[in-house]
Structures are given as structure tokens and as C-alpha cells.
Amino acid sequence: MRKSGVLLPVASLPSAYGIGCFSKEAYDFVDKLKEAGQSCWQILPLGPTGYGDSPYQSFSTFAGNPYFIDPEDLVQRGWITGRECDSFDFGDDPETVDYKKIYDSRFLLLRTAWKNSEIAKDEDFRSFLKENSDWLEDYSLYMAVKASFDSVSWIEWDEDIRTRKPEAMKKYNEKFAEEKEFYQFQQYMFQIQWKKLKTYANKKGIQIIGDIPIYVAFDSSDTWANPELFQFDKDCRPIAVAGCPPDAFSATGQLWGNPLYNWEHHRKTGFEWWIRRMAFCYRLYDVVRIDHFRAFDEYYSIPAGSLTAEKGDWMPGPGYALFVAMKGELGEKEVIAEDLGFLTPTVIELVKKSGYPGMKVLQFAFDSREESDYLPHNYEHNCVVYTGTHDNDTVLGWYKELEKTDKAFCDRYLNLVERSEQDIRWEFIRAALASVADLAVIPMQDYLGLGSEARINIPSTLGGNWQWRMRKGSFTKELAKRMKDMSELYGRLPKEKTGSCR
């Protein structure tokens, strides 16, 4: 079934609180997607962000970002007042997230709400604690202890709690029992609000495409609580870390620094942790996009302590065995395999064998030197096409920087000669929607016709990323009508009963 959707991070929604959240504006966005004839809303990872503000470097693969909790809901519950909300400085630029101001204010507001909530008396809250104890106990203690050590990474904590000695765990659990509840309160409110929003979207015929990084952050409750899952030495320090080798885009490669999995241990447990992780994802999303899918076939291993990614080795991943285990436990679930970049025959075979749709990005198509798999006439049905992703510039920003020969090829292919700037972005969108790909997902910035100022992320850089926000009112009725007309023209309008986003 042919479908279309929009890529927009939750953080990029407009709101009165400095960052997009599960507020009225999120529901309005869902309404607009429905009006625009869309079937899917793709978001970025929802986890709490740490240094660098990247949703791909989270303090937990299970926890939700407390920044996304809607303060208006807390006001309606009588736990805070509108005046208290207005007393904080969340930033004054409606198109940019000021993370420092959000960090300095949001937790103070949430702490006030928690203290007034008397949440421990709530039976639903107690049930939530039991249902999520397998990760929430570790996460809430991790966050409380981390705060007590001035937020440094757990590897720098005192040896007894760093290595989770039983007597230390008992001592810190007792010492921070109240503080743990604050972090549990955040997760409770996050899940209540997100599930309400997702249910609303589903009732409107909008499926949610979630996104998970293949790796977890080193500074996370996942690594602290489960060191056996990773390639650590006896002191719980990484032996090797993740990244990508040098290529045409980076002479020294990309050094991500995430810990690598101890796949032998995962195999021995029947991939229990991965199955639990994916099962949790399907409580939050309808479809899951797995980032850096090729690492399940082979992953790039860089010796710990390296300053660049130039020296590393490709090592075998778990392969198809992981997906056999997942499907055996969870059944057939919808996954989008992020299979971008250089693909070996074995990676291509793994994606094909899994049955999951891969990704096609139009911005990768126009290399005049060679025929590209990203050109629409080379697509198969079982794929998802994008004009660009969160790691790309917007179409207009990218097009302005194209080399002359590539631009000439692009102009010929999309018939862009003598087209206006705004027409150019619509021809890219048209090419995606007209393709045979079962699903076409367009970043909201491209529908809005924005330039490089609206770029979400520049990979391998720190600072200035993850900040763009959509201006309130910019998703107009006129834009929604044009989106719907184009989806209808290319057979992508949702049917009476919505199915999957495949």
C-alpha cells in the first residue's frame, strides 16, 4: 500500500515552553497531517539527551525525555500554576531551542510539580513502577547518583557504586529513595502524555515511526547496569568503540565513541536484552527505524583511546540470528532498516533476508560520475524514500551547494532548468512521491521551503545541532491542501482503514 508521511522531531514542534513537547501544538500537528492526507509521522529518538543534546546519545535506551512533558497538563492537574510556568526563561527565539535555558528551568518546574503531586499515593503510579522495574530502578538510581557526583560519567564515580557492589547499591538506594521518585515521576508523566498523543494520532489514521540508535551512549544507565553486554575490560572501560571509517565525506572517518556490543554474550542469552529493547519500542511506536543497520552484519571497531576513526577493523555482527530470535518472540513487526552508505553484498543480503524496507535518499542520487541506487528509476517497492534525513541539509540548502556537474545532472533528471527556488523543492518532493517506493517521507523543512538555517544536524560536529523549531502557524491550510493533492495524485492517500506504514 502506497503511503506518505512527514519527518519532524518532537523537539522541533512549536510550543510556549522553548522546545517542542506533548502539548496542544503536537495535537494540532497531527490534525494537520490528517488534513494533508498523510499516513505517518516520523520522529527522532525520544530518550533524555546528555552532552551535545543529541537524541542519539541518551542516558537510557528505555527512558523518555522529560523536556517533552507538557507543563499545561501539570497545571490542569493542579500541581503547578500558570504563573510558575511564566516565571521561567525557556528562551525567546521561537525557531531555536536554547538547551541551556531549558536545562536550567525545566527540572525546577518538574520538581515543583512532583512535590505537589503526592504521586506515591497514586495506584497507577505504583503499577507503573512494577511494570517498568526492569529498567526504571536502574535508571532512576543512576540519575540520582549522577546528580550527586556533579553529573560526571559513571566511570568517574566512587569505585563501590561504579562497580555496583551490593552494599553500595543498598546504601545509595536508601540514601536517594526520595530523589529516585523524582526521576520515576518524570518517566510516569512522559509515558502518560506520549501514549495519549500516540493514541490520538492512531485514531486520526496517523502511524508513528520511531527511531532507535543501534548503539547506546557510554554514559548511560544501560552500560552502568549491564556491563556484560558490552566490550569492556575488567575496569568497565571500553576496549573498542563505534564509528565509521574514512570516506569521501570525512578524511579521518567518524569517531562516535559508543561502546560496542559483546555479541557472544547476547547470543548466549538468546538476544534477551535486544528483544526486550525492541518490545519496549513497540509500546511506544507503530514502526521502528533502526539506525546504522549495517552494523548487524559487520561493525567498525576502533581501538579505545583513538583520536580519529582512521584505524579500525570490520568485525562480524550477529547477522540474521538476531532477527530470527526477535521474530520468534515478538512476531512480525514493522522495521525500517537504515542501510545508507557503502553497502557490501553481505549487508544487502541481510536486509533482503530480513524483509525490512531499506532507505533511499534523493540527495544521495545525483553523483554525475556513476549510476546510483538512489535514483528513483532504480527503486523497488519495498523501500522508504526521503528527500533528506535529519543528518542532511534541507533540499534547498543542499541544492545551492551542489557541484556544477552534479547540479547539471540533477537539473536534467528533475527538469529544474529555469525553475524558481520554491519550484525546485516541490520537484524533489514530486520525485519522491511519484516513485514506486511503498512509503515516501518528507522532512517538514522541505515542505516549508526552508534553507540551511533549518538543518537539524551536521554529523561529527558539536554545537548548533538539534536546535531548529518550526514556527507556529507555518503549517498552513494552503500547504496542507497542496500536500494532500500531491499525495492523491500519486496514489498515496490513506484508505478508509489505515494499515501499516509499509
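Two strands are taken to pair if DSSP finds at least two bridges between them, and the strands (E, at least two residues) and helices (H or I, at least four) are DSSP runs numbered from the N terminus. This is a predicted model, in which local features need pLDDT of at least 70 and side-chain atom pairs count only at pLDDT 80 or more, while totals for chains, interfaces and linings use all residues. Residues are numbered from 1 along each chain as its sequence is written, and side-chain values use heavy atoms, with hydrogens and water left out.

**Exercise 1.** Determine the order of the four strands in the open sheet, and state the sense of their pairing.

Step 1: the order is β5-β4-β7-β8, and the pairing is antiparallel.
Step 2: β5 (254-259) and β8 (313-316) are the edge strands, since each pairs on one side only.
Step 3: strand β4 (residues 240-244) is joined to β5 by three bridges, and within this pair Cys 244 stands opposite Gln 254 of β5.

**Exercise 2.** Describe the surroundings of strand β6 (residues 287-290).

Step 1: β6 is joined in parallel to strand β3 (residues 207-212) by four bridges, with Val 287 as the bridge partner of Ile 209.
Step 2: three bridges, again in the parallel sense, pair β6 with strand β9 (residues 335-337), where Ala 337 is the partner of Ile 290.
Step 3: in a regular strand the side chains alternate between the two faces of the sheet.
Step 4: Val 287 and Arg 289 on one side of β6, and Val 288 and Ile 290 on the other, are all buried, where buried means under 20% relative accessible area, exposed over 50% and partly exposed in between (1.4 Å probe, protein chains only).
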